[in-house]
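Me: I am new to this one. Let me look at it, and then I will ask how you know what you say.

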Amino acid sequence: MSQVVIVGAGPTGATLALLFAKRGITVKLIEASRNFYRVFRGEGLMPSGLDALEQMGLLPILKRIPHHALDAWEFFLDNQLLFRVEEPFEIGGKPTTLVSQPALLEALIAEASTYANFEFIQSVAVKDLLWEEQRVSGIKLNDERCINADLVIGADGRNSIVRQRADLDLQHYDKTFDVLWFKLANSPDFQSENIFYSILEGDRAFALFEGAEGNLQLGWSLNEKSANDWREVDWPSMLLSASPPFLAKHLQQNVQTIERPVLLSVVVGRCPRWYKAGLLLLGDAAHPMSPIRAQGINMALRDVIVAANHLVPILRSAKLEQTNLDAILPQIQAQREPEIVLVQRLQAQEQSLAELLGENPVLRWTLIKLIGVLRHILRHSWLLRQIRLRQGIKHIDLTV
């Protein structure tokens, strides 16, 4: 019997599997996909995520894979620069760093594979859970293989099969939204300084940055008017009309490289209960995050530290008692949930502010007319909101 089966080889699953393997715990990691290359994977490591990797001894991995730090954030309203913030915000702090998530996951699994007590099973999805006396006792794969385990951890994302099979409820927030994700060619003009641009023109909002692998990535927030007919839109023309002059020029020169957008349906919510006997949900499986300020991967890494602190001592005990293991699962949720609640609330505030500006032309006009007076106030207000999103609500230490 495996001590632990982890379903989902994203940042949560791959990192936790490596931590367990290093500490002598027998672990199987299950991944349905054939590879890690998707159109969109979160790339932004905030200081909280970088700190988590450092505590786990995994920062050296970043040096071996595509990554680069942000130099600044710039915010535009109706073609007017509102304010700019240099990275890092904090004196002596770490700048937000963009990392190739596929390369990161491959590196984590390659390191875990050097341990005899680790096994990676890829390209096979989970079909169902195994139960024994009302306790989860393992998983059944689509190829009919059954794997027994003392603990099953669902780290299989916002559409978690493990969560569904365990009949654990996910409460969705009313305000969900869709994002169109574009990729296009980069240029030396953007490579000289890596800036995250947030752009609001009328009721049209999008973000632009240079991805870790060198191309430009653009996320366009679909509003209610455009949600149903986005496939009929001439997107190169739409992007040009909504862009500040410097960006419009680049788009015009590279219009042929703009890839057809991919629709990302953003699910945001939280499970009232993250566990059942023999089973624990972590990361987006337990609390799918908004993409605002790149919190998904960072919250996942902090989930991993808390879960490891609680689980490793029990899993390494000479005689593993499943009742003791089950008793610790509520404590993991209790420690992590307050931060998740507050971060999701802060993300919702950011979204609401953008919507308010998009819906109120008088407010936008007033801000632009008074920008000389208001720029410092707007910048300071934004910085205050971001600190907790960047650093986490409280410090978390890896103790095992």
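Me: What kinds of residue line the largest cavity, and how do you know?

Reply: This is a predicted model. The lining divides into five nonpolar, one polar and two charged residues. The residues are Phe 190, Glu 193, Asn 194, Ile 195, Tyr 197, Phe 209, Glu 210 and Leu 216. Phe, Ile, Tyr and Leu count as nonpolar, and Glu counts as charged. Asn falls among the others, so Asn 194 is the polar one.

Me: Which elements give two or more residues to that lining?

Reply: Strand S14 (195-201) and strand S15 (204-210) do.

Me: How do you know whether the radius of gyration agrees with a compact globule?

Reply: Set the value against the rule. For 400 residues, a compact globule would have a radius of gyration near 21 Å. The protein chain has 22 Å, which agrees. Along its principal axes, the C-alpha trace spans about 70 × 45 × 40 Å.

Me: What share of the residues is called buried, and why?

Reply: Buried residues make up 54% of the 400. They are called buried because their relative accessible area is under 20%. The protein chain exposes about 17,600 Å², and carbon and sulfur atoms supply 51% of that area.

Me: How many helices and strands does the chain have?

Reply: The protein chain has 12 helices and 20 strands.

How values were computed:
Residues are numbered from 1 along each chain as its sequence is written. This is a predicted model: local features need pLDDT of at least 70, side-chain atom pairs count only at pLDDT 80 or more; totals for chains, interfaces and linings use all residues. Side-chain values use heavy atoms; hydrogens and water are left out. On a 1 Å grid over the protein atoms alone, a cavity is a set of points where a 1.4 Å probe fits but cannot get out, and a pocket is an open set with protein on both sides within 12 Å along at least five of seven lines; lining residues have an atom within 4 Å of a point. Helices (H or I, at least four residues) and strands (E, at least two) are DSSP runs, numbered from the N terminus. The radius of gyration is taken over C-alpha atoms; the globule rule is 2.2 Å times the number of residues to the power 0.38. Buried means under 20% relative accessible area, exposed over 50%, partly exposed in between (1.4 Å probe, protein chains only). Accessible areas come from the Shrake-Rupley method with a 1.4 Å probe; for residues, only the protein chains shown count as cover.
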